[in-house]
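I opened the model today to look up a handful of residues and note where they sit. The entries below are in the order I made them.

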Amino acid sequence: MGHEGSKDLPDTDTTTNSEGGSTRFSRMKQKLHFHNKDHHPHPHLRRIFRRLSVSRRNGSSSSSTSALKLVSPEDFAGIALLTLISADMQFKDRWLACVSLGEQTFRTHISHQTHKPVWNSEKKLLLEKNGPHLARISVFETNRVSKNKLVGYCEIDLLEFLAQDTDSDFEAFELFDPASAGKVVGRISLSCSVEDPIETEKNFARRILGIVDYNEDGQLSFSEFSDLIKAFGNQVADNKKEELFKVADKNGDGVVSMDELAELLAIQQENEPLINCCPVCGEALEVSDKLNTLVHLSLCFDEGTGNQVMTGGFLTDKQASYGWMLKLSEWAHFSSYDVGLNSGSSASHILVFDRKKKRLVEELIDKKIVLSMRAIYQSRIGLGLMDKGAKEILQSISEKQGRDMNTIESARDIPKFVKFFKDQINLAEIKYPLEHFKTFNEFFIRELKPGARPVASVEHDDVAICAADCRLMAFKSVEDSLRFWIKGRKFSIQGLLGNEIYSSAYADGTVVIFRLAPQDYHRFHSPVSGTIDKFVKIPGCLYTVNPIAVNSKYCNVFTENKREVSIISTAHFGKVAFVAIGATMVGSITFSKKAGDHVKKGDELGYFSFGGSTVICVFEKDVIKIDEDLLANSARSLETLVTVGMSLGVATRNKQKLVCQNR
């Protein structure tokens, strides 16, 4: 299977330093034995860095920059070389394959017209034990004008794949039809191996030698060697380049060979690092950290084995697969792919981060709906029409649609709905088969099988959980929510909760927004354990809760929409405001609990009828510490795809102190 790197690696240099510990290089080599469960990394191994593409938007202009993300040494698993070799499909076409991992997607070249495409395309990936390691492989047919069609996909846990003990150079995986659960449409062959760090150094030396080897003789003269040292950005090394050249030129022939250069880099980087900045991207390196340097340079140079290197720079497989029509629309600024807060014409693709699979996914939404929402919610003219009677029309349409979804005839739409959302609805989780539902709304408010949504830390009431299957945004304060997400000029917690519920304790409290899309499970659950004090209904409009409207400066979705507010008194979080908000096509909010009921976290509170909808939880100031990954994504204006029962945060205050304050 190409797992040579996951088996025993060649003996490493076991020389010790003055303190009696193993060298940094040998410790890094030991790290690559990641399936050795008894191995514990050296406690003094410095953290390594991984470069992530972070998109920033400032007004109407956007730019990409490079950021550094800390990864603990215990989390490092190795540099994997993944190769998409070939596939066996059921019909002839010109085929394209993509691999998505975390916030990165890469694509192969397009094959010839065949039912057995061969790509031999590879990519180096940094694997982390607690980071993204579930790769999605997608195969597209490309004989289409505007966009390519996803034919089959599979998901592979790369850590498990590498840990297998096999003599095969590759493995074949079944490709599944995204529109039909369990249906196999082909097979794809791939290999994956953990790279030997010695080979990484040699590859790096070979690549940089080629950059300054002006006469292409495979060796470096002193002048060529001097140019290389200057490129490393190390003034100390530049001042003694003559000495370094003599050290490298072991056979005294007046030139430095590739092997001599690799040995010099290995020795010097261990003892007195030569490289202060990456010759490729120019980023400063943590020069005292051998592991960091090798990881960075290996991924940045992306040295392969001679096969075609996959094309990168994509966020999702859908983006990577698009044909010339998307390229034209991006060039003309009609649409764009970006992580973060989009507004106006560029809000044509909604990207969210899947918390479970740890990768970016694109939300499915009909393009005609996107265009209409942009026309209404991202312009003064559109909102002006709302003020001149369109609100009442929208209300009437929503009510009529709600009635239609309760008719026997509406059940015919269920299969089409499921097909449109393909692999985003897991039929195996639903309590009853599709034939059980007599109307579309019965399906829409479907229940799940017991155990389908396990509750995090179920015995600990000081841990809050996610209240819905949704796209989540979480902010420490209202100010943060206005800065990163909610752009309505008149949004306030008092406006959201209403005068009857609002108190000063919520003024600068923590805000969590749970946005439900039409394909989601539409029952909402209690995020905390406690007693329900009261319910208050607040009449209002039925604007959409899609980010295109929420991010609009022309309307105030959350404070103008129809909603119902409940207060849950808890021992650990004080009084939690739970706001269920109706939206376009959602005229009905149904609570299954009443005032005075005690609820455990994870208990069902109610459901929304057909459409998209939102729940907002407002916590009193400083009573909860939201999970870091949720806050980090929200600070990038990136929604996190979560399910009911996942961890939301932990209580920060003493239980007895809260009880006294609430009396």
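This is a predicted model: local features need pLDDT of at least 70, side-chain atom pairs count only at pLDDT 80 or more; totals for chains, interfaces and linings use all residues.

**Entry 1: the annotated position**

I began with the record. UniProt, in an unreviewed entry, lists Ser613 under "modified residue: Pyruvic acid (Ser)". I then looked for Ser613 in the model and found it in strand S28, which covers residues 613-619. Is Ser613 buried or exposed? Its relative accessibility is 0%, so I noted Ser613 as buried.

**Entry 2: salt bridges around Arg515**

I turned to the salt bridges next. The count for the model is 20. I looked up the pair Glu363 and Arg515, whose side chains form a salt bridge with an N to O distance of 2.7 Å. Glu363 is in the loop between S17 and helix H11 (367-377), and Arg515 is in strand S20 (residues 510-516), so this bridge ties together parts that are 152 residues apart in sequence. I checked cover for both partners. Glu363 is buried at 7% relative accessibility, and Arg515 is buried with a relative accessible area of 5%.

Arg515 has another entry in my list. Its side chain also meets that of Glu639 in a salt bridge, 2.8 Å from N to O. Here strand S30 (residues 639-642) holds Glu639 and strand S20 holds Arg515, and the pair links distant parts of the chain, 124 residues apart. I noted Glu639 as buried because its relative accessible area is 3%, and the cut-off for buried is under 20%.

Which residues make up the network that includes Arg515? I wrote down Glu363, Arg471, Arg515, Asp520 and Glu639, which are linked by salt bridges.

**Entry 3: Arg453 and Asp469**

I looked up one more bridge. Arg453 pairs with Asp469, and their closest N and O atoms are 2.7 Å apart. Arg453 is in the loop between helix H14 (440-444) and strand S18 (463-465), while Asp469 is in the loop between S18 and strand S19 (470-475), so the bridge ties together parts that are 16 residues apart in sequence. I noted both Arg453 and Asp469 as buried.

**Entry 4: a positive patch**

Lys147, Lys149, Lys419 and Lys422 form a positive surface patch. I followed up Lys149, which is in strand S9 (residues 149-157). I noted Lys149 as partly exposed because its relative accessible area is 42%.

**Entry 5: positive phi angles**

Glu216 has a positive phi, near 55°. I placed Glu216 in the loop between helix H3 (197-212) and strand S12 (219-220). With a relative accessible area of 70%, Glu216 is exposed.

Lys358 also has a positive phi, near 55°. Where is Lys358 placed? I found it in the loop between strand S16 (351-354) and strand S17 (359-362). Lys358 is partly exposed, at 27% relative accessible area.

**Entry 6: C-alpha distances**

For Leu134 and Asp157, 23 residues apart along the chain, the C-alpha atoms are separated by 4.4 Å. Leu134 is in strand S8 (residues 134-141). I noted Leu134 as partly exposed, with a relative accessible area of 22%.

Val557 belongs to helix H18 (residues 557-560). Its relative accessibility is 3%, so I put Val557 down as buried.

For Asn234 and Pro273, 39 residues apart along the chain, I noted a C-alpha separation of 8.6 Å. Asn234 is in the loop between helix H4 (222-231) and helix H5 (235-239). Asn234 is buried, with a relative accessible area of 8%.

Note on methods
Residues are numbered from 1 along each chain as its sequence is written. Side-chain values use heavy atoms; hydrogens and water are left out. UniProt positions are given in the numbering used here, feature names are shortened, and annotations may be inferred rather than shown by experiment. Helices (H or I, at least four residues) and strands (E, at least two) are DSSP runs, numbered from the N terminus. Buried means under 20% relative accessible area, exposed over 50%, partly exposed in between (1.4 Å probe, protein chains only). Patches are made of residues with over 30% relative accessible area and no salt bridge: like charges are joined within 9 Å, nonpolar side chains (Val, Leu, Ile, Met, Phe, Trp, Tyr) within 5 Å. Accessible areas come from the Shrake-Rupley method with a 1.4 Å probe; for residues, only the protein chains shown count as cover. A salt bridge is a side-chain nitrogen of Lys or Arg within 4 Å of a carboxyl oxygen of Asp or Glu. Lys and Arg count as positive and Asp and Glu as negative; His and the chain ends are not counted. The place of a charge is taken as NZ of Lys, CZ of Arg, CG of Asp or CD of Glu.
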